[in-house]
Number of protein chains: 2
Amino acid sequence: MIPAETLAIFLDTARSRVDEALERYLPVPPECPEIVGQAMRYSVFAGGKRLRPILTLAAADAVAQADRARPVTALIPAVDAALPAACAVELIHTYSLIHDDLPAMDNDTLRRGRPTLHVVYGDGVAILAGDGLQADAFALLAREPVGDDPVIVTRKLRALRAIADAVGSTGMVGGQALDLQAAGRAPGHALALDADGVRAMHARKTGALIRAAAVSGAIMAGALDETLRAVDRYATDLGLAFQIVDDILDVEGKTGELGKTAGKDAAGAKPTYPALFGLERSRDFANHCVTRARQTLAEAGLTRGWLADIADWVVSRRS
Amino acid sequence: MIPAETLAIFLDTARSRVDEALERYLPVPPECPEIVGQAMRYSVFAGGKRLRPILTLAAADAVAQADRARPVTALIPAVDAALPAACAVELIHTYSLIHDDLPAMDNDTLRRGRPTLHVVYGDGVAILAGDGLQADAFALLAREPVGDDPVIVTRKLRALRAIADAVGSTGMVGGQALDLQAAGRAPGHALALDADGVRAMHARKTGALIRAAAVSGAIMAGALDETLRAVDRYATDLGLAFQIVDDILDVEGKTGELGKTAGKDAAGAKPTYPALFGLERSRDFANHCVTRARQTLAEAGLTRGWLADIADWVVSRRS
């Protein structure tokens, strides 16, 4: 359990623990060549919100405090057990941003207020830094928390599988491919996406990893299958709300506040919720997702901890 | 055990088992979007030698037949247990070729006698297909062989870790970054590599995955730590011999026979063994590695099976 009196304190504390762990887990020269180490750190420590790893820790925390939690292994508290999974999820998220920003993909030059990695290190090193982050994330998951305890080994492998399934060709990578096709940047005619198509694309592209972030935390905390399914439903709604708000912010936001180029979606003819439903209905839809997410938590007895507040934070954020 | 009377029969049988398993394991639409599924298959089924997965199966086979083998789990024969690891290694090898061929990296347009993936599908889809293959490889390793048996779960996680460590920033990706720097294709001055530097670069770039291929097979077969270390030493020498022969073939070969552009190394001012030591000394060095590899096998009691013959095959190959 991470003790905190307000969501802001919880977020700060969780973020610090993730940042400190990432610093410790990332390879340094001479383990890895200097240029790769530098490039990976440039993107990993770029001032991201750390939504996904915070969600991993919050899910572990909530499961450990739930009425129906399976007794957690006495050796490692739930949040500590989930920290490697949280970091792995953030490394994978970072790799996906690096590759998405490449000229061959979304061709973005600004991210979190700084030049994107390929602008600074060139496309080749950026591709490699992304590839390395993905492999290092799985290596970290396989290694930490250290120990031969069959309970921990089984949870690690299960969490790893949830994350790998979420980011492969059937998940995140598949979603980005659909996005590329919709934007007319893949061979053949541009893919026309209707409302269902946009939802399915986002379910893969951003939804899958957000779900895996929460689910892997719950697995490391020893959640029962029933609780795990509730965490997954909660995170599905959270991910959808997150994506809708992202689209809204892209329409409404200024480049300075966002730290990335605003208005990119419309300029690139990207399929978005506001383009399909208008701003007002999109906002209603995001709020509806949060209501449903809170309901799922209540029904599953996951009311202690910060998962409900995190859902509110996701729709109220300004960047 | 794969019954075979000659190396050629063993190679054919192992290759068929790998191809059949890859066909079964790779996602198909609608699990994954069609374009990603097609792109991944284009490169996975491009007529590769399958050296690495064959090595995984041969290592499992040799360990299972060794005098000092730990009793293998009765449920799954060693070679079957190693098949998912073999396929994961091949998927990762394929992803690395796709990314290495990109214009931002080695800029190769021909591979195994066919246009490279990015020439056919564009750079964006090629990057995604590579990313997807890497994630799908780890998902496969985490999933197969299916079962909750703690022995299998522990071996799977251990094999997965060996492979992930081998291909991350401290391994394959790090080696490719050094190669990029040596070729003057990364920011700053071109990196000057002496003989030790070239060896260290190749130890990461090609050596690490070849070692992990053999070691993961041995792990899945239940090798004792001592046997595992011997398999690792054998594969280190094998990988070195493989790379030297690769460099020699690039100098001597014709594009038609190789199925990739010959003379690329010299044209790109790439650091190679023939460039550093000349062809004759390079050939001697490769043969010396094979002698040492056979010696390691003999000392470790790994003489049944095909590992020694595979070492001979690696130095005598013409493409």
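Q: Is Asp309(A) buried, exposed or partly exposed?

A: This is a predicted model. Burial is read by counting the C-beta atoms around a residue: 20 or more within 10 Å make it buried, and 12 or fewer make it exposed. Asp309(A) has 16 other C-beta atoms within 10 Å, so Asp309(A) is partly exposed.

Q: Where does Asp309(A) sit in the chain, and how far is Arg294(A) from it in space?

A: Asp309(A) lies in helix H14 of chain A, residues 307–316. Arg294(A) is 15 residues away in sequence.

Q: How are chain A and chain B related?

A: Start with the general idea. Two copies of a chain are related by a rotation about an axis and a shift along it. Here the rotation is 180° and the shift is 0.0 Å. Chain A then superposes on chain B with an RMSD of 0.0 Å. The two copies are thus related as by a two-fold rotation axis. Both copies use the same surface: 100% of the contact residues of chain A recur in chain B.

Q: How many residues does each chain give to the contact, and which elements of chain A take part?

A: Chain A gives 51 residues and chain B gives 51. On the side of chain A, helices H2 (34–44), H5 (117–143), H6 (150–167) and H7 (172–182) each supply two or more residues. H5(A) gives the most, with 16 residues. By type, that side of chain A has 29 nonpolar, 13 polar and nine charged residues.

Q: Which residues have the most contacts inside the largest nonpolar core?

A: Again, the general idea comes before the case. In soluble globular proteins, nonpolar side chains tend to be buried together. The largest nonpolar core here has 222 residues. Those with the most contacts inside it are Ala60(A), Ile163(A), Ala60(B) and Ile163(B). Take Ala60(B). Beyond its neighbours within four places in sequence, Ala60(B) is in contact with Ala78(B), Val79(B), Ala81(B), Ala82(B), Gly217(B), Ala218(B), Met220(B) and Ala221(B).

Q: At what angle do the axes of H6(B) and H8(B) cross?

A: Angles over 145 degrees count as roughly antiparallel. The axes of H6(B), residues 150–167, and H8(B), residues 195–220, cross at roughly 175° and come within 9 Å. H6(B) and H8(B) are therefore roughly antiparallel to each other.

Q: Which residues make the contact between H6(B) and H8(B)?

A: From H6(B), they include Arg155(B), Arg158(B), Ala162(B) and Ile163(B). From H8(B), they include Leu209(B), Arg211(B), Val215(B) and Met220(B). The contact divides into eleven nonpolar, one polar and three charged residues. Ile163(B) is also among the residues with the most contacts inside the largest nonpolar core.

How values were computed
Residues are numbered from 1 along each chain as its sequence is written. Chains are lettered from A and ligands numbered from 1 in the order in which they are written. This is a predicted model: local features need pLDDT of at least 70, side-chain atom pairs count only at pLDDT 80 or more; totals for chains, interfaces and linings use all residues. Two residues are in contact if their C-beta atoms, placed from the backbone, lie within 7 Å. Helices (H or I, at least four residues) and strands (E, at least two) are DSSP runs, numbered from the N terminus. Ala, Val, Leu, Ile, Met, Phe, Trp, Tyr, Cys and Pro count as nonpolar, Asp, Glu, Lys and Arg as charged, and the others, Gly among them, as polar. A nonpolar core is a set of buried Ala, Val, Leu, Ile, Met, Phe, Trp, Tyr and Cys residues joined through C-beta atoms within 7 Å. Copies are superposed by least squares on the C-alpha atoms of residues with pLDDT of at least 70 in both. Axes are lines fitted to C-alpha atoms, for helices over the stretch in contact, and angles run from 0 to 180 degrees between N-to-C directions. Angles under 35 degrees count as roughly parallel, over 145 as roughly antiparallel, 65 to 115 as roughly perpendicular and the rest as oblique.
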